[in-house]
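Please examine the sequence and the three-dimensional structure shown below.

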Amino acid sequence: MPDLGHRSNVMGPQPIGTRTSIPPAALNAYTVIADLLARGDRGALEALAMPQAAAEVAGLASEVAPGLYEQRELIGSAHIIQHWYFKAKISGPGLTPLTFQIRLGENEGRWMIWEATNLSGKRSAWTK
Amino acid sequence: MEKMIPVDRLARPEHHILVPAANARRARTDQGRGITVSPFDEDFLKGRLHGICAGEFQAMEAAGRTLFDFPDAPWEFQLDMARQVWDESRHAEIYMKLLEYVGSYLGEFPESEVLWSCTQADDPACRVAGINRGLEGLACDVFEQIIRLAQKMGDAVIERAVDYVLADEITHVRMGSKWMRKLTEGDPERYAKAAAFQESIDLTFTFAGAVPPVRIPDRSLSTSTTRTSNSTRPSPSPKKRACSPALPRKRSNVW
């Protein structure tokens, strides 16, 4: 797509809305969860999972090599109303990176995991 | 190259969030909302335009795959599919610009695979019945809704941009009707199979009838009057279908 320059300096319709930012609390919750996953702290992770996601979270936690991951990378994010998806990767020397996607949403004032998918070895969450 | 590729073979930027449609619906119901985007959502316009934009991409890919998957189809059919790829790519660009206009961007919301699932038919007659008559027909309904919304907002940018896209979509539905009829000429069984495929897609998108079918004036211009229309059924003495006149739309003078 051609670059039309700075929108404020060109003729034509200007945006009528502003971009929605990731709520800081959601981003913070993602960071905490990714770190817990990297450490393999299954108990703490399961405490942050909604009942419907407990099995998915347990399955994801069982895939990690606890304490060996050194890097965490947020790949992407998106939202459905107030729930936020985070796609991320944790990696470490000599380890196959673990790519995962989680959906976080507030429940009684706490950001909880509503959905967790292990994307490692898959092309995407669309892979059946 | 492989034919009839599964949805996860579609190329997407790594940072895009892709979710199965069932999970996207669950994300809504988990928040106490209905399963479809609702005008009562805080970000209804962004979400709706985003869904359409993602749909335009998948429609572009679907028309391209139809062209590739059926090399023995008539030349004119292939030309129509190529034309549709061109149209859909333009639509995708238009909607990306509209997303920017409303303060969004492609990737703000997850993309689901539901449209691609409608391409999984090994007969070009089924493809055009499902995609052109089913999906593109539904798109006409949604576009009409957005145009009217834009009119109420007094927003000529959205109104006209969507109107330009709608003009193309009507031709795609018409193209689907034409090829569904031509490809099944003299083969009522094949016709019935294509009609059933379209019906299954209509049911998918109306959630097994939970969402009532609509009758939108612009859609009638394509000769596909309702979601369950059988207007392409071969007839010994085919009569030209009358186009219902579109309801007058109030045009904004502001560009």
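H2(B) is mostly covered, since 21 of its 26 residues are buried. A residue is called buried if 20 or more other C-beta atoms lie within 10 Å of its own, exposed if 12 or fewer do, and partly exposed in between, with C-beta atoms placed from the backbone. Helices (H or I, at least four residues) and strands (E, at least two) are DSSP runs, numbered from the N terminus. From its first C-alpha to its last, H2(B) reaches 36 Å, close to the 38 Å expected at 1.5 Å a residue. The expected span of a helix is 1.5 Å times one less than its number of residues.

Helix H4 of chain B (residues 124-153) has 30 residues and reaches 41 Å from its first C-alpha to its last, close to the expected 44 Å. H4(B) is also mostly covered, with 22 of its 30 residues buried. B:Gly154 follows H4(B) and has a positive phi, near 75°.

## Basis of the model

This is a predicted model, in which local features need pLDDT of at least 70, side-chain atom pairs count only at pLDDT 80 or more, and totals for chains, interfaces and linings use all residues. Residues are numbered from 1 along each chain as its sequence is written, while chains are lettered from A and ligands numbered from 1 in the order in which they are written.

## Chain B and the residue B:Phe44

Chain B has seven helices and zero strands. Its elements, read from the N terminus, run α-α-α-α-α-α-α. Of the 255 residues in chain B, 45% are buried. Two residues are in contact if their C-beta atoms, placed from the backbone, lie within 7 Å. Among contacts in chain B between residues at least 6 apart in sequence, 74% join residues at least 24 apart.

B:Phe44 belongs to helix H2 (residues 44-69) of chain B. Why does B:Phe44 count as partly exposed? The reason is that B:Phe44 has 13 C-beta neighbours inside 10 Å. Apart from neighbours within four places in sequence, B:Phe44 is in contact with B:Val37, B:Ser38 and B:Pro39. B:Val7 lies 37 residues from B:Phe44 along the chain, and the C-alpha atoms of these two residues are separated by 26 Å.

## Chain A as a whole

Chain A has three helices and four strands. From the N terminus on, the order of these elements is α-α-α-β-β-β-β. Of the 128 residues of chain A, 35% count as buried. Among contacts in chain A between residues at least 6 apart in sequence, 44% join residues at least 24 apart.

The C-alpha atoms of chain A fill a box of roughly 55 × 40 × 30 Å, taken along the principal axes. The radius of gyration of chain A is 18 Å, whereas a compact globule of 128 residues would have one near 14 Å. This radius is taken over C-alpha atoms, and the globule rule is 2.2 Å times the number of residues to the power 0.38.

## The sheet of chain A

In chain A, four strands form an open sheet in the order S1-S2-S3-S4, with antiparallel pairing. Its edge strands are S1 and S4 of chain A, each of which pairs on one side only. From one strand to the next, the twist averages 25°. Two strands pair if DSSP finds at least two bridges between them. Axes are lines fitted to C-alpha atoms, for helices over the stretch in contact, and angles run from 0 to 180 degrees between N-to-C directions.

S1(A) and S2(A) pair in the antiparallel sense over nine bridges. A:Ile80 has A:His83 in S2(A) as its bridge partner. The hairpin of S1(A) and S2(A) has two residues between the strands, and A:Ile81 takes a positive phi there, near 55°. S2(A) and S3(A) pair in the antiparallel sense over seven bridges. A:Lys89 stands opposite A:Thr99 in S3(A).

## Helices on the sheet and the interface

Helix H3 (residues 54-61) of chain A lies across S3 and S4 of chain A and runs at about 65° to S4(A). Helix H1 (residues 21-29) of chain B packs on the sheet and touches S1, S2, S3 and S4 of chain A, its direction making about 70° with that of S1(A).

How many residues of chain A are in contact with chain B? There are 29 residues of chain A in contact with 32 residues of chain B. On the side of chain A that touches chain B, the elements giving two or more residues are strands S1 (71-80), S2 (83-91), S3 (98-107) and S4 (110-118) of chain A. The largest share, six residues, comes from S1(A). The residues of this side divide into 12 nonpolar, 12 polar and five charged. Here Ala, Val, Leu, Ile, Met, Phe, Trp, Tyr, Cys and Pro count as nonpolar, Asp, Glu, Lys and Arg as charged, and the others, Gly among them, as polar.
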